[in-house]
Amino acid sequence: MAPLTTSRTWSPEVFAAAVGDAVWAPSIHNSQPWRFRCTADGADVLLDERRRLAVCDPDGRMARISCGAAAYNLRLALAVGGLPARHRQESGSTLLHMWPGPQRPPTPLERRLHRQIPRRHTNRGPFADSPVDTRAPLVLAEAARREGGQLDFVTGEPALAALTALIRTAEARQLADPAYAEELRAWTTDADHRVEGIGPCAAGAAPHPAEALTRRDFGGAGHDTTRDVSHQPVVAVLAVLGDGPADAVRAGMALQCVLLTAADLGLATAMFSQPVEVPAIRERLRCVVNPIQDPQLVLRFGYAPTTCYTNRRPVADVLEA
């Protein structure tokens, strides 16, 4: 068996195995904008600028959120392996530096969440009109808090109506931009074996006008006759205090903790980034939930059949020497 560490860092075998878990994090359009580097005293999580979406993510905030989610998976995998990582935020393309902390056995919660890494996936299909356990929002909100985030649940018909209108308006504004439509087509593939982008199986059926929340159209098949018509969706806005590059990475770690917790509770999750990608609408979204925190993403929780998973690039493609 390979040793856990070589001098002051993880062994290449241990680190590569952990990166194999890290890459199953979600990313906008499944662009996978991350790279990982083992160093003499630990490891770095880096932003791959070549994979940043220039039109819908010009400042790289969504890419940094994606990298933060991957960093959370990496931390979780190393902790379950018995050698958890400590970390600090960096600047530029190097987002986080990690180094080995004291060895300890993983906690039961870490084991449970780690088991959900390969099971978690974004739901791009209809949700069942079934009530969510009333305790679930409390558990999910606590998961966000553990990583420095805040999960504000949108309750009451007026607030839900305002939120759904913002998502619909943002989607319409984006689709009116030819550059955005071209970028979306570039990350939509008709080949399910492609290791990046959204294939037809994972795309789900095309959005239906009667849906409770407007989904992004990744070129799925015709309208689903089992469309989502729930009038009481469980919807929350993930927010953090601060809106700089480091805050986006922190939001990504909070996001992944929430997503794995939801999977552990048996819940499906859908993500809506449209209203935070349009600056004017993002400001209006802030007023719907919490004017103090900076909204990062809209999440929906509920029950839904397992849909197809998106693929990932091989670990060798995201490791730097």
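A salt bridge is taken here as a side-chain nitrogen of Lys or Arg within 4 Å of a carboxyl oxygen of Asp or Glu. The structure is a predicted model, in which local features need pLDDT of at least 70 and side-chain atom pairs count only at pLDDT 80 or more, while totals for chains, interfaces and linings use all residues. Residues are numbered from 1 along each chain as its sequence is written, and side-chain values use heavy atoms, with hydrogens and water left out.

Side chains of opposite charge can pair when their charged atoms come close. By the rule above, the model holds 19 salt bridges. One of them links Arg37 with Glu320, whose closest N and O atoms are 3.5 Å apart. Arg37 belongs to strand S3 (residues 34-39) and Glu320 to strand S11 (residues 319-320), so this pair ties together parts that lie 283 residues apart in sequence; helices (H or I, at least four residues) and strands (E, at least two) are DSSP runs, numbered from the N terminus. Accessibility is described as buried under 20% relative accessible area, exposed over 50% and partly exposed in between, with a 1.4 Å probe and protein chains only. On this scale Arg37 is partly exposed at 24%, and Glu320 is likewise partly exposed, at 27%.

A further salt bridge joins Asp133 and Arg135, with an N to O distance of 2.8 Å; Asp133 is partly exposed at 34%, whereas Arg135 is exposed at 58%. In the salt bridge between Arg250 and Asp247 the N to O distance is 2.6 Å. These two residues, Arg250 and Asp247, are 3 residues apart in helix H8 (residues 245-264), and are therefore separated by about one helical turn. Arg250 is partly exposed, with a relative accessibility of 21%, while Asp247 is buried at 17%. Through shared partners, salt bridges also join Arg35, Arg37, Asp44 and Glu320 into one network.

S9 and strand S10 (residues 294-302) run antiparallel and are joined by 5 bridges, with Thr269 opposite Phe301 in S10.

Terms used:
Two strands pair if DSSP finds at least two bridges between them.
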